[in-house]
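The exercises below are meant to be worked with the model open beside the text.

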Amino acid sequence: MLNDITLMGRLTRDPELRYTQSQTAVVSFTLAVDRDFGGRDGAGKQTDFIDIVAWRYTAEFVSKYFSRGKMAVGSGRLQIR
């Protein structure tokens, strides 16, 4: 089975960096991802808001270089809670 996803969108808020008890960096943020679709009644747009969690060096990188409104592309695995 394959569980791989790539998303591109804009951050809706500044990333929130935290550390676990074992000092592992973890960051959470939300991406606003546009979903284009066309229909007989005209083209329209919808936006999906995807919660993202990144760990370790990726978390520190995101926290340092990204902020609200910045475009970001990420790939990883999809997990629904």
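A pocket, as the word is used here, is an open set of grid points where a 1.4 Å probe fits, with protein on both sides within 12 Å along at least five of seven lines. The model is predicted, and its values are computed from the predicted coordinates.

**Exercise 1.** Determine the volume of the largest pocket and state which elements line it.

*Solution.* Begin with the volume, which for the largest pocket is about 940 Å³. Next, consider the lining, which has 25 residues, those closest to the pocket centre being Asp51, Ile52, Val53, Ala54 and Arg77. Then assign the lining to elements: strand 1, strand 3, strand 4, helix 1 (56-65) and strand 5 (71-76) each give two or more residues. Finally, strand 4 gives the most to this lining, with seven residues.

**Exercise 2.** Find the salt bridges of the structure and classify the exposure of each partner.

*Solution.* A search of the whole structure gives two salt bridges. In one of them, arginine 18 pairs with glutamate 16, with the closest N and O atoms 3.8 Å apart, which falls within the 4 Å cut-off. Arginine 18 has 37% relative accessibility and is therefore partly exposed, and glutamate 16, at 40%, is likewise counted as partly exposed. The side chains of aspartate 48 and arginine 35 also meet in a salt bridge, at 2.9 Å from N to O. This pair links distant parts of the chain, since aspartate 48 lies in strand 4 and arginine 35 in strand 3 (residues 25-37), 13 residues apart. Aspartate 48 is partly exposed at 26% relative accessible area, and arginine 35 is partly exposed at 39%.

**Exercise 3.** Identify which residues form a nonpolar patch on the surface, and decide whether methionine 8 is buried or exposed.

*Solution.* The patch consists of Met8, Met71 and Val73, which together have about 310 Å² of accessible area. Methionine 8 belongs to strand 1 (residues 5-11). Because its relative accessible area is 52%, and exposed means over 50%, methionine 8 counts as exposed.

Conventions. Residues numbered from 1 in each chain as written. Predicted model: local features only at pLDDT ≥ 70, side-chain atom pairs only at ≥ 80, totals over all residues. Heavy atoms only, no water. Buried < 20%, exposed > 50% of the residue type's maximum accessible area, 1.4 Å probe, protein only. Helix = DSSP H or I, 4+ residues; strand = E, 2+ residues; numbered from the N terminus. Patch = residues over 30% accessible without salt bridge, like charges linked within 9 Å, V, L, I, M, F, W, Y side chains within 5 Å. Areas by Shrake-Rupley, 256 points an atom, 1.4 Å probe, with all protein chains shown as cover. 1 Å grid on protein atoms, 1.4 Å probe; cavity = no way out; pocket = protein on both sides within 12 Å on 5 of 7 lines; lining within 4 Å. Points joined across faces, edges and corners; volume = space filled by probe spheres on them.
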